[in-house]
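I'd like to walk you through one structure, so please have a look at the screen.

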Amino acid sequence: GFPSFGLSFSNPDFVQYAQSYGAKGFRVTKQDELYTMVADALREGAGVTVIECPIDYSENIRVFTRELAEKTCPLP
């Protein structure tokens, strides 16, 4: 029952986080970039690479809520 104060939770900047540990970090900004970044990371082969890739979770609502609801039968 206490009010929230002094805290906000969000994701860190994963690219900078990876780089702070000596890894390589890349951020996908366009859909076309993902394949190239993964291929480059695998080709290089040495060390750790983090690829930050944003996800559109709105598709979850469509698939898991609307479409799944149409396929299920509620119990009486």
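Let's begin with a definition: a salt bridge is a side-chain nitrogen of Lys or Arg within 4 Å of a carboxyl oxygen of Asp or Glu. Side chains of opposite charge can pair when their charged atoms come close.

Before I use that, a word on where this comes from. This is a predicted model, in which local features need pLDDT of at least 70, side-chain atom pairs count only at pLDDT 80 or more, and totals for chains, interfaces and linings use all residues. Residues are numbered from 1 along each chain as its sequence is written, and side-chain values use heavy atoms, with hydrogens and water left out.

When I say helix or strand, I mean DSSP runs, numbered from the N terminus: helices are H or I with at least four residues, strands are E with at least two. Two strands pair if DSSP finds at least two bridges between them. Here strand β1, residues 24–27, pairs with strand β2, residues 49–52, in the parallel sense, over four bridges. K24 has T49 in β2 as its bridge partner, and R27 stands opposite E52 in β2.

What do β1, helix α2 and β2 make together? They form a right-handed β-α-β unit, with α2 covering residues 33–44. Right-handed means this: with the strands pointing away from the viewer, the path from the first strand over the helix to the second runs clockwise.

Now back to the salt bridges. How many does the structure hold? There are four. Take E44 and K24, whose side chains meet at 1.8 Å, N to O. E44 sits in helix α2 and K24 in strand β1, so this pair ties together parts that are 20 residues apart in sequence.

R43 and D40 both lie in α2, three residues apart, about one turn of the helix. Their closest N and O atoms are 2.8 Å apart. R43 counts as exposed at 62%, while D40 is partly exposed at 36%.

Next, D13 and R27, which meet in a salt bridge at 2.5 Å, N to O. D13 lies in the segment before α1 (14–20) and R27 in strand β1, so the pair ties together parts that are 14 residues apart in sequence. Both are partly exposed: D13 at 31% and R27 at 37%.

D13, R27 and E52 are linked in a network of salt bridges. The side chain of E52, over in strand β2, also makes a polar contact with the side chain of R27 at 2.4 Å. A polar contact is a pair of N or O atoms within 3.5 Å; within protein, one must be able to donate a hydrogen and the other to accept it, and residues adjacent in sequence count only if both atoms are side-chain atoms.

Who else does E52 touch? Contact means heavy atoms within 4.5 Å. Leaving aside neighbours within four places in sequence, the contacts of E52 include P12, F14 and V15. F14 is in helix α1 and is partly exposed at 32%.

At 25%, I51 counts as partly exposed. Not counting residues up to four places away in sequence, I51 touches F26, V28, L34, M37 and V38.

Last stop: aromatic rings. Rings of Phe, Tyr and Trp (its six-membered ring) pair if their centres lie within 6.5 Å; planes under 30 degrees apart count as stacked, over 60 as edge-to-face and the rest as tilted. How many such pairs does a search of the whole structure find? It finds one. The ring centres of Y17 and Y21 are 5.4 Å apart and their planes are at 80°, so the pair is edge-to-face. Y17 is partly exposed at 46%, and Y21 is exposed at 63%.

How values were computed
Buried means under 20% relative accessible area, exposed over 50%, partly exposed in between (1.4 Å probe, protein chains only).
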